[in-house]
Amino acid sequence: MSQQLLNDITTRDYPYGFTSNIETEVAPKGLSEDVIRMISKKKNEPEFMLEFRLKAYRHWLTLTEPKWPNVTYPEINFQDIHYYAAPKAPKKKLESLDDVDPELLKTFEKLGIPLTEQKKLANVAVDAIFDSVSVATTYKDKLLKAGVVFCPLSEAVEKYPDIVKKYLGSVVPHTDNFYAALNAAVFSEGSFVYLPKNTVSPMELSTYFRINTEESGQFERTLIVCEENSYVSYLEGCTAPKFDTNQLHAAVVELVTLDNAEIKYSTVQNWFSGDPVTGKGGIYNFVTKRGKCLGKNSKISWTQIETGSAITWKYPSCVLIGDNSIGEFYSVALTNHFQQADTGTKMIHIGKNTKSTIVSKGISAGKSHNTYRGLVQMNKSAHHANNFTQCDSMLIGNACSANTFPTIDVKNGSSTVGHEATTVKISEDQIFYFQQRGISMEDAMATIINGFCKDVFKELPTEFAVEATQLLGLKLENSVG
Amino acid sequence: MLEIKNLHAKINDTPILKGISLTIKPGEVHAIMGPNGSGKSTLSKVISGHPAYDVTSGEVLFEGQNILELDPDVRARLGLFLAFQYPVEIPGVHNAGFLRMAYNARRKENGQEEVDPMEFDELIRSKLNLVEMEPDFLERAVNQGFSGGEKKRNEILQMLVLEPKLAFLDETDSGLDIDALRIVSKAVNAYKKPEVGIVLVTHYQRLLNYIVPDVVHVMANGVIIKSGDKSLALALEEKGYEWLL
């Protein structure tokens, strides 16, 4: 996969900007109870799911869009979006890959995600999601043998309704925020991962999201539950075609760990970021991600490489309830051209001896705006809790900006909180130094960025670390001087 | 090997080089001296392609090829080296990794196979001894937190590893104590060979006691006002630059 992706990336332009010509079934634009009923029906959902959606929708109607993020964009017309788009399904149910439209398989292969038996990635199980539906999930059987459930959320609703009912909305309730409510009302697909007690996933799990239809939104919802003593590492990747219009991506991710369980969740986000010259188009990436360390000694670790999207608004967070539980957040957020990002994390300490680490690396170039926003909260019950935050910004060129808004809220005197922050600038002289030693500007850039970000990259699964490095270097080409 | 013909260059809109002509042959050691602001540091930066400078006229031929249109990294891979007066710090970038990257870039250019960290480690040990540096020095970030003397020795180490055909040493002697100056000079002398040209850019005659030049040039106000043999440097030491201006 690395090689394929590297080759694509080195074509320099946004290589994933193509559109696939696939017959698509699209819901009429706009949102209403009828549209929600239609989505629920399409998915053959049980009554409790429809109720879940309608409750969220009715609540959403009472809300207004949040205006506090440090980003600007024209008002979104929520009635001008398709809330459901799916490749036209064949008459019979998809039993195997042979039933999948070959054009779809080709699309994912072009994206570096081959799904067919002969070509599928070794050691990584992939759930491929195209617009609103899951196309295929690889290694499902092998995982099931190990006790790991990895399937589209819609399938989980059917096969594991009790688990879904218990945990869906338990971490991010529909009342949480505007986009979480919208997602709960209209979400159409996502991944479901469930590890019963004492299960260690034998391979990396990965979901690949692709938006294809213009003027459609993608509202996926991911739920990962790790019961006692279980462990899973999960990675999501995202791309979209180039359109002049903006597309809305409002996802919700919920993670739950019970005693001694651990979830490692990584994201490489490379949505189309808009035209580099005019700033037109690109994805609005408004995402709510949160994990609950319910059990004692449990651990949730977020790693994100955010390089795409016109606007990014997300704060993968941890609620540390179980005693001795651990939350981690490692982030590289890169903005170039006209991109805007307002991203960070929340670490909510509730249990005793809970521990959190935040390492955030923001890189701004071009005319972009990059904001870190974070909250560390030590609640009254959080005896001897501990947080360390490292928050670094790198500026490239003179037209970009970087901001940090860390909030620290301590209600327990025995807890400790540490915060370090730096700002650096890549200089022409640094690049020249590399070049004078025979190293190309691209390699120089990639190496400096890699050095800046290495504390985060080392948290990525090895298969993806190389790509991430290369991706950042290329995203920044010609942005010095 | 290097032919500079009537070279003019400016930074922003200020002309700095106002017609430099100079020829360097393989095996020669040249010294370029001159008062502050004479343009001697600019000359080496323009030849190596620093983006802040614009060449307004003239030619620079390296082994017969006009290099002024080439990117700095291409010039470097042709065998041009500049030991910087103020080596820049590059936080987060591993010194040995950086050096190996540069070394491999050159090998790749020559159609040779790249070396892995193990092979490179072996190769670099002997060079480290030449500049009397400890191996842990390689584990630090490039130039970060290095003392003035360590930075200069690191530049010379890079030269020894990259084996350029033509090396400009820009005020490599400034900021060195007498021991460090001796170490650096010894390493440069060890590198001297018939196929290599060396250009010492310096304020002081002191360095030239250790590395003896074949030709000495005096620059002032963007031009070379006098060239001569090593005795010219001694005359400068005695009389200063005033008598030439």
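1. A word on terms to begin with: a residue is called buried under 20% relative accessible area, exposed over 50%, and partly exposed in between, using a 1.4 Å probe and protein chains only. With that in hand, look at Ser185(B): its relative accessibility is 2%, so it counts as buried. Ser185(B) belongs to helix H6 of chain B, residues 178-191. Helices here are DSSP runs of H or I with at least four residues, strands are runs of E with at least two, and both are numbered from the N terminus. Leaving out residues up to four places away in sequence, Ser185(B) touches Leu207(B), Tyr210(B) and Ile211(B), where contact means heavy atoms within 4.5 Å.

2. Some housekeeping before going on. This is a predicted model, in which local features need pLDDT of at least 70 and side-chain atom pairs count only at pLDDT 80 or more, while totals for chains, interfaces and linings use all residues. Residues are numbered from 1 along each chain as its sequence is written, chains are lettered from A and ligands numbered from 1 in the order in which they are written, and side-chain values use heavy atoms, with hydrogens and water left out.

3. Now the two chains. Chain A has 481 residues, 63% of them buried, with eleven helices and 23 strands. Chain B has 245 residues, of which 53% are buried, and its secondary structure is eight helices and twelve strands. Among the contacts in chain A with a separation of 6 or more, 83% link residues 24 or more positions apart; for chain B, counting residues at least 6 apart in sequence, 68% join residues at least 24 apart.

4. How do the chains meet? The contact draws 17 residues from chain A and 32 residues from chain B. About 2,000 Å² is buried between them, with 66% coming from carbon and sulfur atoms; this is the accessible area (1.4 Å probe) that the two parts lose on being put together, summed over both. On the chain A side, Phe432(A), Tyr433(A) and Arg437(A) lose the most area, together 38% of what that side buries.

5. Helix H3 of chain B deserves a look. Its 15 residues should span 21 Å at 1.5 Å a residue, and the end C-alpha atoms are 22 Å apart, which agrees; the expected span is 1.5 Å times one less than the number of residues. Buried residues in H3(B) include Phe98(B), Leu99(B), Ala102(B) and Tyr103(B). Among the elements covering the buried residues of H3(B) are helix H9 (428-436) of chain A and helix H4 (117-130) of chain B. After H3(B) comes Gly111(B), with a positive phi near 70°.

6. H3(B) also pairs with H5(B): the axes of the two helices come within 10 Å and cross at roughly 35°. Axes are lines fitted to C-alpha atoms, for helices over the stretch in contact, and angles run from 0 to 180 degrees between N-to-C directions. Among the residues that meet are Phe98(B) and Leu99(B) from H3(B), and Leu157(B) and Val161(B) from H5(B).

7. Most residues other than glycine have a negative phi. Asn324(A), not a glycine, has a positive phi of about 65°; it sits in the loop between strands S16 and S17 of chain A and is partly exposed at 31% relative accessibility. Asn6(B) also has a positive phi, near 45°, but is found in strand S1 of chain B; its relative accessible area of 43% makes it partly exposed.
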